[in-house]
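Have a look at the model first, then read on.

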Amino acid sequence: MGVRPVAISVDSPAESQDLCRKAGYTYTLLSDPDAEVIRRYDLLHKGAGVRGHDIARPAEFLLDSSGVIRWVNLTGDLRIRARPDQMLAAAKSL
Amino acid sequence: MPEDSAATNGKPRNWPLWSGFVLSLFALVSYPSLFARYPVTRDVPWVNFLLFALALVLLFVGLRRAFAPSALYRGKVAGPILAALSVAALAFFCLIVFYFGKNLPAASQAPRVGQKAPDFTLTDANGSTVSLAALLSTSAPAHPSKGVLLIFYRGYW
């Protein structure tokens, strides 16, 4: 498809590596342990993590090759994730 | 004189009570462990609600048997306790489905469509430093990069 998935969370590189190994992910997982980038994107979910840590609320942003945002998904419900077909439709329009 | 068989009076076990209770527990734990993996059973957890409904029917049948005037079945003490626990399981399940998932901050200042995504530099799973600019310009082996899908997730998986 040509679109590169990049996942970001407060997990440390070690935890992300563990996740990649267990789930067989091949795409890029980035660590934002102080939630600095999460804050920059206004996605902070204070105290929602295990032991009360600040984490990200789920969100997806589709960027074109110049870094402009073309599609955003901010779910209102943790359980309901963006469907692959929604993302694909957005990616096709790039 | 042995007391245990006298206490049960030789009455048959009230299986609807116990199976209803076990089913309600299964209805609760099967959501995060099984049905939540598939959008068709996760977004609206109809399977779990069906299981709870079946559990409550069984419990109702069991309670009726336990308190029937003919006193054929056991369960006058266990029955109300199991029923209460099952209702508590259902209440907790409803809390998970209708409240905990929705309690998300608004993210009103999050970047919108048409805006340039804020730049960043973070560490990947192998310990290397990666910037957004680098991600946007890197070519996949055969195709030039059409773009990047940033996926922010809760972590702690």
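This is a predicted model: local features need pLDDT of at least 70, side-chain atom pairs count only at pLDDT 80 or more; totals for chains, interfaces and linings use all residues.

## A bridge between the chains

What does S3(B) meet in strand S5 (residues 59–64) of chain A? Another 6 bridges join these two strands, this time running antiparallel. One spot to check by eye is A:Leu62, which stands opposite B:Leu149 in S3(B).

## How covered is S3(B)?

Are the residues of S3(B) buried or exposed? The strand is mostly covered, with 6 of its 6 residues buried. Both faces are covered too. On one side sit B:Gly147, B:Leu149 and B:Ile151, on the other B:Val148, B:Leu150 and B:Phe152, and all of them are buried.

Zoom out and S3(B) turns out to be part of an open sheet of 7 strands, ordered S6(A)-S5(A)-S3(B)-S1(A)-S2(A)-S1(B)-S2(B), with mixed pairing. At the edges are strand S6 (69–73) of chain A and strand S2 (129–131) of chain B, each pairing on one side only. Direction ignored, neighbouring strands of the sheet are turned by 30° against each other on average. As a reminder, strands of a sheet pair through backbone hydrogen bonds, either parallel or antiparallel.

At the chain B end of that order, S1(B) and S2(B) pair in the antiparallel sense over 3 bridges. Within S2(B), B:Thr129 is the residue that stands opposite B:Thr123. A helix comes in here as well: helix H1 (residues 13–23) of chain A lies across strand S2 (28–31) of chain A together with S1 of chain B. The helix runs at about 155° to S2(A).

## The contact side of chain B

Counting residues, 45 from chain B are in contact with 56 from chain A. Which elements of chain B give two or more residues to the side that touches chain A? They are helix H3 (39–42), strand S1 (121–124), helix H6 (132–137) and strand S3 (147–152) of chain B. S3(B) supplies the largest share of that side, 6 residues.

Sorted by class, the side of chain B that touches chain A has 26 nonpolar, 11 polar and 8 charged residues.

## Chain A on its own

Chain A has 3 helices and 6 strands. Read from the N terminus, its elements go β-α-β-α-β-β-β-β-α.

Of the 94 residues of chain A, 35% count as buried. Among contacts in chain A between residues at least 6 apart in sequence, 24% join residues at least 24 apart.

## A helix pair in chain B

Chain B also has a helix pair to look at. The axes of helix H2 (residues 15–33) and helix H4 (residues 46–67) of chain B come within 7 Å and cross at roughly 160°. Angles over 145 degrees count as roughly antiparallel, so H2(B) is roughly antiparallel to H4(B).

Which hand does the crossing have, left or right? H2(B) passes H4(B) in a left-handed crossing. The residues of this contact divide into 17 nonpolar, 6 polar and 1 charged.

Conventions. Residues are numbered from 1 along each chain as its sequence is written. Chains are lettered from A and ligands numbered from 1 in the order in which they are written. Two residues are in contact if their C-beta atoms, placed from the backbone, lie within 7 Å. Helices (H or I, at least four residues) and strands (E, at least two) are DSSP runs, numbered from the N terminus. Ala, Val, Leu, Ile, Met, Phe, Trp, Tyr, Cys and Pro count as nonpolar, Asp, Glu, Lys and Arg as charged, and the others, Gly among them, as polar. A residue is buried if 20 or more other C-beta atoms lie within 10 Å of its own, exposed if 12 or fewer, and partly exposed in between; C-beta atoms are placed from the backbone. Two strands pair if DSSP finds at least two bridges between them. Axes are lines fitted to C-alpha atoms, for helices over the stretch in contact, and angles run from 0 to 180 degrees between N-to-C directions. Angles under 35 degrees count as roughly parallel, over 145 as roughly antiparallel, 65 to 115 as roughly perpendicular and the rest as oblique. A crossing is left-handed if the near helix is turned anticlockwise from the far one by less than a right angle, and right-handed if clockwise.
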